[in-house]
Amino acid sequence: MNQIGERIIELKSEMPAGVGLVAVSKFHPAEAIEQAYAAGQRKFGESRVQELLQKCGSLPSDIEWHFIGHLQTNKVRQLMGRVALIESVDTEHLLECIDRESVRAGVVTRVLMQVHVAREETKFGFLPEELLEYFSQRRFEQLQATHICGVMGMASNTTDTSRVSADFARIHEVYARILETAPDLRGFDTLSMGMSGDWQLAVAEGSNLIRVGTRIFGERQY
Ligand SMILES: *Cc1c(COP(=O)(O)O)cnc(C)c1O
């Protein structure tokens, strides 16, 4: 087996059952994805629309593409029908745009709401209270062709593991409070947290979907 495949098998052996793996292939070539695919990997994460579309056009059609980057509304149309999950919905405006474009394309788009808890000011996402208000006011009922499947979040970029764990716990709490607020939400079951450096901490705090790039594919060449 190739090295990428071996790293996936090893990582999976460390992951508890019930946790899914998105192999984050951004900035890596299609050949790297093919190696992961040969090892059985089917979920891949990309952060740029053009790159996702190029790869999606040349790689097997049973790959589930996850969009994980900041998404501009003027690019939403291009993604319709191409992605299994948009993990990074960070504003209501973007969500409305995805819904409108999904209706227009005749597809249902699955999304996660990105919640912002980390300290860095540059990170995208809803504040916890904004997200809770969105659900308590049941604004999701206006969506026609978008299925909100859960929450995605990132921890602060720090070596302080207690801080990282606290951030993940906070994201989990937001997810749990949404379910309490709207217990009738259907298929709201995904808590996407954890990357190469912190996925164990994320899983310990309840993550059921991790997004791992570097540990599988090596360092990215930007
Ligand atoms: C790039 C990226 C990852 C993967 O990060 P690694 O540290 O390479 O595992 C995970 N999630 C998001 C949102 C990313 O942008």
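Predicted model: local features only at pLDDT ≥ 70, side-chain atom pairs only at ≥ 80, totals over all residues.
Colleague: Why are H6 and H7 called roughly parallel?

Modeller: H6 covers residues 128-136 and H7 covers residues 161-181. Their axes cross at roughly 15 degrees. The cut-off is under 35 degrees, so H6 and H7 are roughly parallel to each other. The two axes come within 9 Å. The crossing is right-handed.

Colleague: What makes the contact between H6 and H7?

Modeller: On H6, the residues are Pro128, Leu131, Leu132, Phe135 and Ser136. On H7, they are Arg170, Val174, Arg177, Ile178 and Thr181. By class, that contact has 6 nonpolar, 2 polar and 2 charged residues. Arg counts as charged, and Arg170 and Arg177 of H7 take part.

Colleague: Which residues make the contact of H1 with H2?

Modeller: H1 brings Ile4, Gly5 and Ile8, while H2 brings Ala32, Gln35 and Ala36. These divide into 4 nonpolar, 2 polar and no charged. Gly counts as polar, and Gly5 is part of this contact.

Colleague: How do you know that Ser196, Arg211 and Thr214 surround the ligand?

Modeller: The cut-off for being near is a heavy atom within 4 Å. A polar side-chain atom of Ser196 lies 2.5 Å from a ligand oxygen. For Arg211, a polar side-chain atom sits 2.9 Å from a ligand nitrogen. For Thr214, a side-chain N or O atom is 2.6 Å from a ligand oxygen. Others around the ligand include Val24, Lys26, Met154 and Arg220.

Conventions:
Residues numbered from 1 in each chain as written. Heavy atoms only, no water. Axes fitted to C-alpha atoms, helices over the stretch in contact; angles between N-to-C directions. Helix = DSSP H or I, 4+ residues; strand = E, 2+ residues; numbered from the N terminus. Parallel < 35°, antiparallel > 145°, perpendicular 65-115°, else oblique. Left-handed = near helix turned anticlockwise from the far one by under 90°. Contact = heavy atoms within 4.5 Å. Polar contact = N/O pair within 3.5 Å; in protein donor to acceptor, adjacent residues only side chain to side chain.
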